[in-house]
Amino acid sequence: MGFTRSDRELEREPLNLKILVAGGFGAGKTTFVGSVSEIRPLRTEEVLSAPGSRFDDLDGVERKATTTVAMDFGRIDIRANLTVYLFGTPGQDRFWFLWDELATGAIGAVVLADTRRLEACFPAVDFFELRGVPFVVGVNAFEGAPHFPATEIGEALDLSPGTPVIVCDARRREDGKGLLIALVEKALQLSDRNNSRPTVPERQDSTDKRGEA
Ligand SMILES: Nc1nc2c(ncn2[C@@H]2O[C@H](COP(=O)(O)OP(=O)(O)OP(=O)(O)O)[C@@H](O)[C@H]2O)c(=O)[nH]1
Ligand SMILES: [Mg+2]
């Protein structure tokens, strides 16, 4: 007798998803990945240098001492058989060239916004909208930052209808997890509509030596 697996069994197959954590300079991306990750996060922080300050927009985050120069990496099991690999982007314009590579294979993104400098996340919003990559906006509530209703923030960012806008504290794991779950639900809905299951593609090129020292 032939053995066929039911949809329910297929649903329980391990699913590995790649998600980007993006947004403007200093919006809390590294903090988010670090607080959500269940493994010790990989960070690429460097001290903000005087020469770099000629290129970096430090307005509003003058007290920031370090910045991400390549990426953050973390991992979390959202539920049984659903693992999310988190890739935090660098925030400064001079590292834009890394974004395309970081976004390869991602099923979606969390775009962190800081209401003190909302315009800093416009490029991230544009990046994902242009590529049709689903995203949710996390409004990282810094102390003393102005509060706006989610609908107003959605309008200010000119988001497509249905794009979730969720207030969060990037330092709180539960907040981060809530954003990831909202994103995964949105991405799965979209992929069901397109009849394809999102996964992180297997690396095809066995000669790739980027992991080597
Ligand atoms: N009060 C408060 N501080 C936060 C929050 N999230 C991040 N921070 C602080 O804000 C600063 C910037 O956070 P990062 O996580 O480095 O920001 P980033 O977006 O990774 O910055 P870049 O990589 O330089 O673009 C750090 O000092 C954090 O401790 C938050 O929700 N509330
Ligand atoms: Mg960072």
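Predicted model: local features only at pLDDT ≥ 70, side-chain atom pairs only at ≥ 80, totals over all residues.
Let me begin with asparagine 81, which counts as exposed because it has 12 C-beta neighbours inside 10 Å; here a residue is exposed if 12 or fewer other C-beta atoms lie within 10 Å of its own, buried if 20 or more do, and partly exposed in between, with C-beta atoms placed from the backbone. This residue is found in the loop between strand S4 (72-79) and S5, and its phi is near 70°, a positive value in a residue other than glycine.

Residues are numbered from 1 along each chain as its sequence is written, and chains are lettered from A and ligands numbered from 1 in the order in which they are written.

Aspartate 158 also has a positive phi, near 55°; it is found in the loop between helix H5 (150-156) and S8, and it is exposed, with 11 other C-beta atoms within 10 Å.

Turning to the whole chain, there are six helices and eight strands, where helices (H or I, at least four residues) and strands (E, at least two) are DSSP runs numbered from the N terminus. Of the 213 residues in the chain, 32% are buried.

The largest nonpolar core has 42 residues, of which Ile19, Val21, Ala109, Val110, Val111 and Leu112 touch the most other members; a nonpolar core is a set of buried Ala, Val, Leu, Ile, Met, Phe, Trp, Tyr and Cys residues joined through C-beta atoms within 7 Å. Among the elements that give two or more residues to this core are strand S1 (15-23), strand S6 (108-113) and H6. In soluble globular proteins, nonpolar side chains tend to be buried together.

Helix H6 (residues 173-193) has 21 residues and reaches 30 Å from its first C-alpha to its last, close to the 30 Å expected at 1.5 Å a residue, the expected span being 1.5 Å times one less than the number of residues. Among the buried residues of H6 are Leu179, Leu180 and Leu183.

Finally, ligand 1 has 18 residues around it, and Gly28, Thr30, Thr31, Thr68 and Gly91 come nearest, where near means a C-beta atom, placed from the backbone, within 6 Å. Helix H2 (29-36) and strand S3 (66-68) are the elements that give two or more residues to this shell, and H2 gives the largest share, three residues.
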